Amino acid sequence: MTLILSRPTVNWLLKMQKKLDLEIQKKKDITNKQWKEEFTSKHSLAINIEVSEFINECHDLWKYWKSKPVNTERILDEAIDVLHFIMLHWNKQKGKGDDLWNTHRVYAKVFADLPVDDVALEQLQEHDDLGMKLMILLKVLDRYGFTEQDIIEQYKRKNAINFERLEKGY
């Protein structure tokens, strides 16, 4: 079974991300127009980097030559970074939580038999569809035994760190 986020959780994540993004815009003196137009390539690059960092932490799924055990804390931490940028992109492009919730739910059903392996990780990296990225991310987290509550708690921790960083001029 693929991990599926509840509607309230998806809406909460989008709301929390919007608050963070507005604070970043304010602290960095970024206009809405800049955020939506000029920063799109920066945001795309950021999500790609975060996905790569996440994939690297899931080395047991693709580094057949490596015997080192995975660090599940690092996997969840990197997943939350990916999640931040999925939510950022969704807020910029679509903005409706119910649409994201429905999209990732449908993908979870359609791709229920998708194995969690190197091919899934490759799809996570290459697919532009945010609902698909979210579904694959959650499928991988499910494979490692993470729950919706784990995601919420780690998102809260990481979000607090991001706000702290902003206050310190990061």
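Mentor: Buried means under 20% relative accessible area, exposed means over 50%, and partly exposed lies in between. The model here is predicted.

Trainee: Why is R74 called partly exposed?

Mentor: R74 has a relative accessible area of 31%. The limits are 20% and 50%, so R74 counts as partly exposed.

Trainee: What makes R74 and E78 a salt bridge?

Mentor: The closest N and O atoms of R74 and E78 are 2.5 Å apart, and the cut-off is 4 Å. The two residues are 4 apart in helix α4, which means about one helical turn separates them. E78 is buried, at 5% relative accessibility. Through shared partners, salt bridges join E57, R74, D77, E78, D81 and K158 into one network.

Trainee: Why is α4 called roughly perpendicular to α8?

Mentor: The axes of α4 and α8 come within 10 Å and cross at roughly 75°. Angles of 65 to 115 degrees count as roughly perpendicular, so α4 is roughly perpendicular to α8. Among the α4 residues that meet α8 is H84, and among those on the α8 side is N162.

Trainee: How do you know whether N162 is buried or exposed?

Mentor: N162 has a relative accessible area of 16%. The limit for buried is under 20%, so N162 is buried. N162 touches L20 and H84, leaving aside residues up to four places away in sequence.

Trainee: What makes Y64 exposed?

Mentor: Its relative accessible area is 75%, and exposed begins over 50%. Y64 lies in the loop between α3 and α4. With W62 and W65, Y64 forms a nonpolar surface patch of about 440 Å² accessible area together.

Definitions and conventions:
Residues are numbered from 1 along each chain as its sequence is written. This is a predicted model: local features need pLDDT of at least 70, side-chain atom pairs count only at pLDDT 80 or more; totals for chains, interfaces and linings use all residues. Side-chain values use heavy atoms; hydrogens and water are left out. Patches are made of residues with over 30% relative accessible area and no salt bridge: like charges are joined within 9 Å, nonpolar side chains (Val, Leu, Ile, Met, Phe, Trp, Tyr) within 5 Å. Accessible areas come from the Shrake-Rupley method with a 1.4 Å probe; for residues, only the protein chains shown count as cover. A salt bridge is a side-chain nitrogen of Lys or Arg within 4 Å of a carboxyl oxygen of Asp or Glu. Buried means under 20% relative accessible area, exposed over 50%, partly exposed in between (1.4 Å probe, protein chains only). Axes are lines fitted to C-alpha atoms, for helices over the stretch in contact, and angles run from 0 to 180 degrees between N-to-C directions. Angles under 35 degrees count as roughly parallel, over 145 as roughly antiparallel, 65 to 115 as roughly perpendicular and the rest as oblique. Contact means heavy atoms within 4.5 Å.
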